[in-house]
Amino acid sequence: MSSSNITANWSYPTSVKLGRGRISELADACKSLGIKKPLLITDRGLASMAITKNALDILEDAGLGRAIFADVDPNPNEKNLEAGVKAFKDGGHDGVVAFGGGSGLDLGKCVAFMAGQTRPVWDFEDIGDWWTRASLEGIAPIVAVPTTAGTGSEVGRASVITNSVTHVKKIIFHPKFLPGVVISDPELTVGMPKIITAGTGMDAFAHCLEAYSSPFYHPMSAGIALEGMRLVKEFLPRAYREGTDIEARANMMAAAAMGAVAFQKGLGAIHALSHPIGAVYNTHHGMTNAVVMPAVLRFNRKAIEEKIGRAAAYLGISGGFDGFYDYVLKLRAELGVPETLTAMGIAPDRIDELSAMAIEDPSAGGNPVAMTLENTKALFRDCF
């Protein structure tokens, strides 16, 4: 397919409208879900940008009002959530347009969900069947509009919310978090700075790699993860070099969504390490994933060598596990990823604390090698 005509309507895992210029369908997407007065939720950085103003124009021109909430931190917390729910209720809104990268999408989804709840958000952490505690009445419909190609949060049934007191990232889960319509317009991602293109793209790659490597049985997710890695390999360097390459941008949006669909099979030590680092040092999540990735591959080698060999063959990489490992190093260098956590500006003085947080992280359970306090400390030291 040539660059201009990557257009598709997918109904998996929800209704996805992919293609350039499809932000023009935003008002129709709202109306299809019965939304008459949407609140657009995004982060502070995006609030004043042209793509956001254009989205608000489209809603306003269609008679759906013009309302925005952008008091969202890079790692959204329960204070942002509380303020968002208040804005939603005070404005008499009946739906959310979650707009942005992971932070805007996650907070937007969570506001729509919490608008219908009386219990605190931590009661819906992704533990056992806690999600069944939720009241279904009053959960607002969601249209998701990703502006990065990384987290895949637009097709996810969870939000990551940081507890501002403990600095721990919590995964809040409910099936109703899944947006009713997703608009994936690659033109919204062309303005991403190179460092964000790299970080979000490596997040998508980490999702696919960890889902594929996780020991749980989910062949559908494994297949999606494999093709997601291939798309990243082919198109991330292109999107990084030439930000206006719409074909590369569209394929990276697909890869990001695929990563988030795949990781219901599980994540692993890459995320178990990067969640506490991000919570304590406020680093970029995807970039942190990229920094710790080689150390985690070495850590997991015994358990995944054969599996990674199969992936390498599919990706056209010779040399089995070693070839794949060398490819990851080469890709990181090409994208300007710091080589170690030290190079990222982090000191190794809190390894004990980070390790304790890592083994408690929900992602730890999906790692192919069981994570203990001792081996996790050694893994962290290996990242510096």
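## Aromatic pairs, backbone and fold of a predicted model

The structure holds six aromatic pairs. Rings of Phe, Tyr and Trp (its six-membered ring) pair if their centres lie within 6.5 Å; planes under 30 degrees apart are stacked, over 60 edge-to-face, and the rest tilted. One of the pairs joins phenylalanine 113 and phenylalanine 124, edge-to-face, 5.1 Å centre to centre and with 90 degrees between the planes. Phenylalanine 113 lies in helix H5 (residues 102–114) and phenylalanine 124 in the loop between H5 and strand S6 (142–146), so the pair ties together parts that are 11 residues apart in sequence. Helices (H or I, at least four residues) and strands (E, at least two) are DSSP runs, numbered from the N terminus. Both phenylalanine 113 and phenylalanine 124 are buried. Buried means under 20% relative accessible area, exposed over 50%, and partly exposed in between (1.4 Å probe, protein chains only). Phe113, Phe124 and Phe177 form one aromatic cluster.

This is a predicted model: local features need pLDDT of at least 70, side-chain atom pairs count only at pLDDT 80 or more, and totals for chains, interfaces and linings use all residues. Residues are numbered from 1 along each chain as its sequence is written, and side-chain values use heavy atoms, with hydrogens and water left out.

### Charges over rings

Two arginines sit over aromatic rings, as the table shows. The criterion is NZ of Lys or CZ of Arg within 6 Å of the ring centre and within 35 degrees of the ring normal.

| Charged residue | Ring | Distance to ring centre |
|---|---|---|
| Arginine 133 | Tryptophan 130 | 4.2 Å |
| Arginine 350 | Tyrosine 281 | 5.9 Å |

### Cysteines

A disulfide is a covalent bond between the sulfur atoms of two cysteines. Here it is defined as a pair of cysteine sulfur atoms within 2.5 Å. A search of the whole structure finds zero disulfides. Cysteine 30 is in none; the nearest cysteine sulfur, that of cysteine 110, is 19 Å away. Cysteine 30 is buried, at 0% relative accessible area. Cysteine 208 also counts as buried, at 0%.

### Backbone exceptions

Most residues other than glycine have a negative phi, and most peptide bonds are trans. Tyrosine 12 and proline 13 are joined by a cis peptide bond, with omega about -5 degrees. Proline 13 lies in the loop between strand S1 (8–10) and strand S2 (15–18).

Histidine 167 is not a glycine, yet its phi is positive, about 60 degrees. This histidine 167 lies in the loop between strand S7 (158–162) and strand S8 (169–173). Histidine 167 is partly exposed, at 41% relative accessibility.

Asparagine 282 also has a positive phi of about 60 degrees without being a glycine. Its loop runs between helix H9 (269–281) and helix H10 (285–314). Asparagine 282 is exposed, with 53% relative accessible area.

### The whole chain

The protein chain has 13 helices and nine strands. Its radius of gyration is 20 Å, close to the 21 Å that the globule rule gives for 384 residues, so the chain is as compact as a globular protein of that length. That radius is taken over C-alpha atoms; the rule is 2.2 Å times the number of residues to the power 0.38. Of the 384 residues, 57% count as buried. Among contacts (heavy atoms within 4.5 Å) between residues at least 6 apart in sequence, 76% join residues at least 24 apart.

An unreviewed UniProt entry annotates residues 197–382 as "domain: Fe-containing alcohol dehydrogenase-like C-terminal". UniProt positions follow the numbering used here, feature names are shortened, and annotations may be inferred rather than shown by experiment. Over residues 197–382 the chain is 73% helix and 0% strand.
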